[in-house]
Amino acid sequence: MPDVRVDEVAGSDVDTLCDVIDASRCAGRSADPVPATWEETRTALSAAIGATGGLLCRVDGEPAGGLVFDDTDSGLALHRVSVVPPFRPVEVVSALVCAAEEVAAGRSHDDVLLLSANQLEAAVEVCVARGYAELSSNGGALALGKALPVTLDTADADGTREVGRRLAKLTRAGDLVVLVGELGAGKTTLTQGIGAGLEVRGDVTSPTYVISRVHQPRGDGPFLLHVDAYRIGAGAELEDLDLDAFVEEAVTVVEWGEGVAETLADHRLVVRLSRGRGNEAGGTRRITVTPVGARWFGAGVRSALVGTALLGPALLGPGS
Ligand SMILES: Nc1ncnc2c1ncn2[C@@H]1O[C@H](COP(=O)(O)OP(=O)(O)O)[C@@H](O)[C@H]1O
Ligand SMILES: [Mg+2]
(Lines give C-alpha, C1' and ligand atoms only; values in the text may rest on other atoms or scores of the structure.)
(Ligands and ions follow the chains in the order given, each with its own letter.)
Protein backbone atom coordinates (compact mmCIF):
# COMPACT_ATOMS: atom_id res chain seq x y z
CA MET A 1 0.00 0.00 0.00
CA PRO A 2 1.41 3.38 -0.94
CA ASP A 3 1.66 5.97 1.80
CA VAL A 4 -0.79 8.74 0.86
CA ARG A 5 -0.75 11.90 2.95
CA VAL A 6 -2.32 15.30 2.59
CA ASP A 7 -1.15 18.51 4.27
CA GLU A 8 -2.28 22.10 4.28
CA VAL A 9 0.39 24.04 2.44
CA ALA A 10 2.72 26.48 4.14
CA GLY A 11 6.25 27.76 3.47
CA SER A 12 8.12 26.00 0.69
CA ASP A 13 5.15 23.73 0.01
CA VAL A 14 3.47 26.68 -1.72
CA ASP A 15 6.07 26.42 -4.48
CA THR A 16 5.68 22.66 -4.64
CA LEU A 17 1.91 23.05 -4.99
CA CYS A 18 2.41 25.56 -7.84
CA ASP A 19 4.65 22.99 -9.58
CA VAL A 20 2.06 20.27 -9.09
CA ILE A 21 -0.70 22.46 -10.54
CA ASP A 22 1.49 23.43 -13.53
CA ALA A 23 2.48 19.84 -14.25
CA SER A 24 -1.06 18.51 -14.01
CA ARG A 25 -2.40 21.24 -16.32
CA CYS A 26 0.17 20.34 -18.92
CA ALA A 27 -0.87 16.70 -18.63
CA GLY A 28 -4.59 17.57 -18.88
CA ARG A 29 -5.21 16.42 -15.32
CA SER A 30 -6.65 19.50 -13.68
CA ALA A 31 -10.33 19.83 -12.81
CA ASP A 32 -10.30 23.61 -12.95
CA PRO A 33 -12.72 24.74 -15.62
CA VAL A 34 -11.82 28.41 -15.87
CA PRO A 35 -9.73 28.90 -19.03
CA ALA A 36 -8.35 32.21 -17.76
CA THR A 37 -6.62 30.47 -14.91
CA TRP A 38 -4.55 28.48 -17.36
CA GLU A 39 -2.71 31.68 -18.15
CA GLU A 40 -2.51 32.63 -14.53
CA THR A 41 0.95 33.75 -13.55
CA ARG A 42 2.93 31.89 -10.99
CA THR A 43 2.86 35.00 -8.80
CA ALA A 44 -0.94 35.16 -8.92
CA LEU A 45 -1.23 31.45 -8.16
CA SER A 46 1.05 31.57 -5.14
CA ALA A 47 -0.72 34.71 -3.93
CA ALA A 48 -4.05 32.84 -4.13
CA ILE A 49 -2.59 29.94 -2.19
CA GLY A 50 -1.08 32.31 0.36
CA ALA A 51 -4.43 34.06 0.87
CA THR A 52 -6.84 31.15 1.16
CA GLY A 53 -4.62 28.09 1.52
CA GLY A 54 -4.46 24.80 -0.28
CA LEU A 55 -3.66 21.15 0.08
CA LEU A 56 -0.74 19.11 -1.16
CA CYS A 57 -0.97 15.34 -1.51
CA ARG A 58 2.18 13.22 -1.38
CA VAL A 59 2.32 9.56 -2.33
CA ASP A 60 5.34 7.81 -0.82
CA GLY A 61 6.83 11.24 -0.26
CA GLU A 62 6.45 12.39 -3.88
CA PRO A 63 4.21 15.38 -4.68
CA ALA A 64 1.23 13.79 -6.45
CA GLY A 65 -1.60 16.31 -6.42
CA GLY A 66 -3.15 19.31 -4.80
CA LEU A 67 -5.89 21.90 -4.74
CA VAL A 68 -6.47 25.54 -3.82
CA PHE A 69 -9.20 26.75 -1.45
CA ASP A 70 -11.53 29.66 -1.95
CA ASP A 71 -13.72 30.74 0.98
CA THR A 72 -17.02 31.85 -0.60
CA ASP A 73 -20.44 32.75 0.78
CA SER A 74 -21.72 29.45 -0.64
CA GLY A 75 -19.11 27.38 1.16
CA LEU A 76 -15.53 26.26 0.77
CA ALA A 77 -14.81 26.03 -2.96
CA LEU A 78 -12.16 23.60 -4.18
CA HIS A 79 -10.23 24.99 -7.14
CA ARG A 80 -7.48 23.65 -9.36
CA VAL A 81 -7.88 20.07 -8.19
CA SER A 82 -4.79 18.53 -9.76
CA VAL A 83 -3.11 15.16 -10.14
CA VAL A 84 0.37 14.68 -11.56
CA PRO A 85 1.04 11.61 -13.74
CA PRO A 86 1.68 8.79 -13.07
CA PHE A 87 -0.24 8.93 -9.80
CA ARG A 88 -3.73 7.41 -9.78
CA PRO A 89 -6.31 10.21 -10.01
CA VAL A 90 -9.03 8.50 -7.95
CA GLU A 91 -6.67 7.73 -5.09
CA VAL A 92 -5.17 11.21 -4.97
CA VAL A 93 -8.47 13.08 -5.42
CA SER A 94 -10.13 10.96 -2.72
CA ALA A 95 -7.43 11.85 -0.22
CA LEU A 96 -7.60 15.53 -1.18
CA VAL A 97 -11.39 15.87 -1.00
CA CYS A 98 -11.58 13.99 2.29
CA ALA A 99 -9.01 16.33 3.83
CA ALA A 100 -10.70 19.38 2.27
CA GLU A 101 -13.98 18.53 4.02
CA GLU A 102 -12.20 18.55 7.37
CA VAL A 103 -10.71 21.93 6.58
CA ALA A 104 -14.17 23.20 5.57
CA ALA A 105 -15.65 22.05 8.90
CA GLY A 106 -12.73 23.61 10.76
CA ARG A 107 -13.41 26.91 8.99
CA SER A 108 -17.09 26.66 10.00
CA HIS A 109 -18.42 26.25 6.49
CA ASP A 110 -21.72 24.46 5.98
CA ASP A 111 -20.99 23.32 2.46
CA VAL A 112 -18.24 22.34 0.04
CA LEU A 113 -18.27 23.14 -3.67
CA LEU A 114 -16.38 21.73 -6.59
CA LEU A 115 -16.33 23.23 -10.04
CA SER A 116 -15.11 20.80 -12.61
CA ALA A 117 -14.58 20.66 -16.34
CA ASN A 118 -13.85 17.45 -18.14
CA GLN A 119 -10.08 17.35 -17.78
CA LEU A 120 -10.18 15.35 -14.58
CA GLU A 121 -13.13 12.99 -14.57
CA ALA A 122 -11.87 11.36 -11.39
CA ALA A 123 -12.70 14.55 -9.49
CA VAL A 124 -16.39 14.23 -10.39
CA GLU A 125 -16.38 10.47 -9.86
CA VAL A 126 -14.89 10.77 -6.38
CA CYS A 127 -17.17 13.61 -5.32
CA VAL A 128 -20.34 11.87 -6.49
CA ALA A 129 -19.28 8.78 -4.54
CA ARG A 130 -18.83 11.02 -1.48
CA GLY A 131 -22.36 12.36 -1.76
CA TYR A 132 -21.86 15.55 -3.79
CA ALA A 133 -24.92 16.49 -5.80
CA GLU A 134 -24.97 18.25 -9.14
CA LEU A 135 -25.94 21.89 -8.63
CA SER A 136 -25.63 23.09 -12.20
CA SER A 137 -23.97 22.20 -15.44
CA ASN A 138 -22.87 24.77 -17.92
CA GLY A 139 -21.34 23.44 -21.12
CA GLY A 140 -18.49 21.20 -20.02
CA ALA A 141 -18.36 22.66 -16.53
CA LEU A 142 -20.16 21.03 -13.68
CA ALA A 143 -20.82 22.49 -10.25
CA LEU A 144 -21.04 19.91 -7.48
CA GLY A 145 -21.91 20.62 -3.88
CA LYS A 146 -22.25 18.85 -0.58
CA ALA A 147 -23.67 19.87 2.77
CA LEU A 148 -21.19 18.66 5.37
CA PRO A 149 -22.19 15.99 7.88
CA VAL A 150 -22.21 17.04 11.53
CA THR A 151 -21.34 14.99 14.62
CA LEU A 152 -22.57 16.02 18.05
CA ASP A 153 -22.43 14.44 21.48
CA THR A 154 -25.31 14.93 23.89
CA ALA A 155 -25.10 14.42 27.65
CA ASP A 156 -28.72 13.47 28.25
CA ALA A 157 -32.15 13.05 26.70
CA ASP A 158 -32.79 16.81 26.80
CA GLY A 159 -29.63 17.40 24.77
CA THR A 160 -30.88 14.94 22.16
CA ARG A 161 -34.29 16.68 22.14
CA GLU A 162 -32.51 19.99 21.55
CA VAL A 163 -30.77 18.47 18.51
CA GLY A 164 -34.23 17.41 17.28
CA ARG A 165 -35.57 20.93 17.80
CA ARG A 166 -32.75 22.33 15.74
CA LEU A 167 -33.27 19.72 13.03
CA ALA A 168 -36.93 20.71 12.87
CA LYS A 169 -35.98 24.31 12.10
CA LEU A 170 -34.13 23.08 9.02
CA THR A 171 -37.05 21.14 7.63
CA ARG A 172 -40.16 21.94 5.64
CA ALA A 173 -43.06 19.92 4.24
CA GLY A 174 -41.82 17.10 2.03
CA ASP A 175 -38.60 16.53 3.96
CA LEU A 176 -37.56 13.13 5.25
CA VAL A 177 -35.50 12.33 8.34
CA VAL A 178 -34.21 8.76 8.58
CA LEU A 179 -33.21 7.65 12.09
CA VAL A 180 -30.67 4.88 12.52
CA GLY A 181 -29.58 3.30 15.81
CA GLU A 182 -30.19 0.35 18.07
CA LEU A 183 -33.07 0.01 20.54
CA GLY A 184 -32.75 2.72 23.19
CA ALA A 185 -30.31 4.78 21.14
CA GLY A 186 -32.62 7.79 21.36
CA LYS A 187 -34.55 7.80 18.07
CA THR A 188 -37.92 8.46 19.68
CA THR A 189 -36.37 10.99 22.06
CA LEU A 190 -34.92 12.90 19.11
CA THR A 191 -38.30 12.76 17.37
CA GLN A 192 -39.84 14.38 20.47
CA GLY A 193 -37.49 17.30 19.88
CA ILE A 194 -38.50 17.46 16.23
CA GLY A 195 -42.16 17.51 17.31
CA ALA A 196 -41.43 20.35 19.73
CA GLY A 197 -39.56 22.27 17.04
CA LEU A 198 -42.41 21.83 14.57
CA GLU A 199 -44.92 22.74 17.29
CA VAL A 200 -47.22 19.82 16.63
CA ARG A 201 -50.01 18.45 18.80
CA GLY A 202 -49.89 15.25 20.83
CA ASP A 203 -47.07 13.52 22.66
CA VAL A 204 -44.49 11.90 20.48
CA THR A 205 -44.09 8.35 21.79
CA SER A 206 -42.77 5.13 20.40
CA PRO A 207 -45.21 4.15 17.64
CA THR A 208 -44.01 0.53 17.60
CA TYR A 209 -47.49 -0.92 17.74
CA VAL A 210 -49.12 1.45 15.30
CA ILE A 211 -46.22 1.82 12.85
CA SER A 212 -47.13 5.40 11.98
CA ARG A 213 -48.75 8.40 13.60
CA VAL A 214 -49.66 11.82 12.24
CA HIS A 215 -49.22 14.86 14.50
CA GLN A 216 -51.17 17.94 13.46
CA PRO A 217 -49.42 21.30 13.55
CA ARG A 218 -50.64 23.87 16.10
CA GLY A 219 -49.96 26.66 13.62
CA ASP A 220 -49.71 26.58 9.85
CA GLY A 221 -46.48 24.58 9.71
CA PRO A 222 -46.13 21.05 8.34
CA PHE A 223 -47.47 17.88 9.97
CA LEU A 224 -45.12 15.50 11.68
CA LEU A 225 -45.48 12.00 10.25
CA HIS A 226 -43.72 9.68 12.70
CA VAL A 227 -43.09 6.17 11.41
CA ASP A 228 -41.51 3.21 13.16
CA ALA A 229 -40.31 0.84 10.48
CA TYR A 230 -39.05 -1.79 12.94
CA ARG A 231 -41.60 -4.33 11.76
CA ILE A 232 -41.41 -3.32 8.11
CA GLY A 233 -40.28 -6.30 6.11
CA ALA A 234 -41.59 -8.72 8.72
CA GLY A 235 -45.14 -8.85 7.41
CA ALA A 236 -45.70 -5.13 6.98
CA GLU A 237 -44.43 -3.13 4.01
CA LEU A 238 -43.94 0.61 3.78
CA GLU A 239 -46.04 0.80 0.60
CA ASP A 240 -48.96 -0.80 2.43
CA LEU A 241 -49.08 2.17 4.77
CA ASP A 242 -49.91 4.41 1.83
CA LEU A 243 -47.87 7.27 3.23
CA ASP A 244 -47.31 9.09 -0.06
CA ALA A 245 -50.40 11.25 0.41
CA PHE A 246 -49.08 12.59 3.71
CA VAL A 247 -45.41 12.87 2.89
CA GLU A 248 -45.79 15.98 0.75
CA GLU A 249 -47.43 17.92 3.54
CA ALA A 250 -45.41 16.48 6.38
CA VAL A 251 -41.96 16.31 7.80
CA THR A 252 -41.60 12.53 7.81
CA VAL A 253 -39.43 10.93 10.48
CA VAL A 254 -38.77 7.21 10.12
CA GLU A 255 -37.22 5.19 12.95
CA TRP A 256 -35.38 2.09 11.70
CA GLY A 257 -35.74 3.72 8.32
CA GLU A 258 -32.42 2.85 6.72
CA GLY A 259 -32.94 0.76 3.61
CA VAL A 260 -36.74 1.16 3.67
CA ALA A 261 -37.60 4.88 3.74
CA GLU A 262 -35.38 6.12 0.92
CA THR A 263 -38.15 5.67 -1.65
CA LEU A 264 -40.25 8.34 0.11
CA ALA A 265 -38.02 11.24 -0.99
CA ASP A 266 -34.86 11.66 -3.03
CA HIS A 267 -33.33 13.93 -0.41
CA ARG A 268 -33.13 13.25 3.30
CA LEU A 269 -31.29 13.79 6.54
CA VAL A 270 -29.83 10.54 7.84
CA VAL A 271 -29.33 10.67 11.61
CA ARG A 272 -27.26 7.98 13.32
CA LEU A 273 -27.43 7.68 17.08
CA SER A 274 -25.18 5.55 19.25
CA ARG A 275 -24.30 5.32 22.90
CA GLY A 276 -21.13 7.11 23.93
CA ARG A 277 -18.02 4.97 24.01
CA GLY A 278 -17.06 3.50 27.38
CA ASN A 279 -20.18 4.99 28.86
CA GLU A 280 -22.80 2.28 28.44
CA ALA A 281 -24.52 3.13 31.71
CA GLY A 282 -24.39 6.90 31.22
CA GLY A 283 -26.57 9.04 29.07
CA THR A 284 -24.19 10.30 26.41
CA ARG A 285 -25.08 9.75 22.79
CA ARG A 286 -23.14 10.43 19.63
CA ILE A 287 -25.36 11.81 16.89
CA THR A 288 -24.22 12.13 13.28
CA VAL A 289 -26.40 13.99 10.81
CA THR A 290 -25.65 13.30 7.15
CA PRO A 291 -27.51 15.43 4.61
CA VAL A 292 -28.28 13.60 1.34
CA GLY A 293 -29.23 15.40 -1.85
CA ALA A 294 -28.87 18.88 -3.33
CA ARG A 295 -31.78 20.11 -1.17
CA TRP A 296 -29.41 20.60 1.78
CA PHE A 297 -26.76 22.56 -0.05
CA GLY A 298 -27.09 26.12 1.20
CA ALA A 299 -29.58 25.10 3.92
CA GLY A 300 -27.10 25.80 6.70
CA VAL A 301 -27.28 22.33 8.26
CA ARG A 302 -24.00 22.52 10.09
CA SER A 303 -24.42 25.96 11.58
CA ALA A 304 -27.98 25.16 12.65
CA LEU A 305 -26.81 22.16 14.66
CA VAL A 306 -23.46 23.15 16.08
CA GLY A 307 -22.89 25.36 19.07
CA THR A 308 -25.87 24.90 21.35
CA ALA A 309 -25.59 26.25 24.88
CA LEU A 310 -27.29 23.10 26.12
CA LEU A 311 -24.71 20.77 24.68
CA GLY A 312 -21.76 22.90 25.69
CA PRO A 313 -18.53 23.24 23.68
CA ALA A 314 -16.89 20.37 25.59
CA LEU A 315 -19.57 18.02 24.37
CA LEU A 316 -19.36 18.89 20.72
CA GLY A 317 -17.83 16.13 18.63
CA PRO A 318 -14.51 16.33 16.81
CA GLY A 319 -14.50 18.69 13.86
CA SER A 320 -17.45 20.60 15.28
N1 LIG B 1 -28.28 11.49 25.54
C2 LIG B 1 -29.45 10.82 25.43
N3 LIG B 1 -30.16 10.92 24.29
C4 LIG B 1 -31.31 10.23 24.14
N5 LIG B 1 -31.84 9.42 25.06
C6 LIG B 1 -31.18 9.27 26.22
C7 LIG B 1 -29.96 9.97 26.44
N8 LIG B 1 -29.52 9.63 27.67
C9 LIG B 1 -30.41 8.79 28.18
N10 LIG B 1 -31.42 8.56 27.31
C11 LIG B 1 -32.58 7.66 27.55
O12 LIG B 1 -32.47 6.56 26.65
C13 LIG B 1 -33.77 6.17 26.20
C14 LIG B 1 -33.87 6.28 24.68
O15 LIG B 1 -35.06 5.70 24.28
P16 LIG B 1 -35.75 5.96 22.87
O17 LIG B 1 -35.62 7.39 22.51
O18 LIG B 1 -37.10 5.38 22.95
O19 LIG B 1 -34.80 5.07 21.93
P20 LIG B 1 -35.15 4.42 20.51
O21 LIG B 1 -36.34 5.09 19.95
O22 LIG B 1 -33.90 4.63 19.71
O23 LIG B 1 -35.37 2.96 20.78
C24 LIG B 1 -34.76 7.09 26.88
O25 LIG B 1 -35.23 6.44 28.05
C26 LIG B 1 -33.93 8.29 27.24
O27 LIG B 1 -34.41 9.00 28.36
MG1 LIG C 1 -38.19 4.30 19.22
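**Exercise 1. Find which residues lie closest to ligand 1, and sort its shell by class.**

*Step 1.* Start with the shell: 16 residues surround ligand 1, where a residue counts as near if one of its heavy atoms lies within 4 Å. The closest are Thr 160, Gly 184, Lys 187, Thr 189 and Gly 283.

This is a predicted model, in which local features need pLDDT of at least 70, side-chain atom pairs count only at pLDDT 80 or more, and totals for chains, interfaces and linings use all residues. Residues are numbered from 1 along each chain as its sequence is written, chains are lettered from A and ligands numbered from 1 in the order in which they are written, and side-chain values use heavy atoms, with hydrogens and water left out.

*Step 2.* Now look at the helices (DSSP runs of H or I, at least four residues, numbered from the N terminus). Helix H5 (157-170) and helix H6 (187-198) each supply at least two residues of the shell. The largest share, three residues, comes from H6.

*Step 3.* Sort by class: the shell has four nonpolar, seven polar and five charged residues. Here Ala, Val, Leu, Ile, Met, Phe, Trp, Tyr, Cys and Pro count as nonpolar, Asp, Glu, Lys and Arg as charged, and the others, Gly among them, as polar.

**Exercise 2. Which residues of helix H2 are buried, and which are exposed on the face turned away?**

*Step 1.* In H2 (residues 42-52), pick out Leu 45, Ile 49 and Thr 52, which are buried (under 20% relative accessible area; exposed is over 50%; 1.4 Å probe, protein chains only).

*Step 2.* These three cover an arc of only 95° around the axis, so they sit on the same side of H2 (the arc uses directions from the helix axis to the C-beta atoms).

*Step 3.* Turn to the face away from the buried side: Thr 43, Gly 50 and Ala 51 are exposed there.
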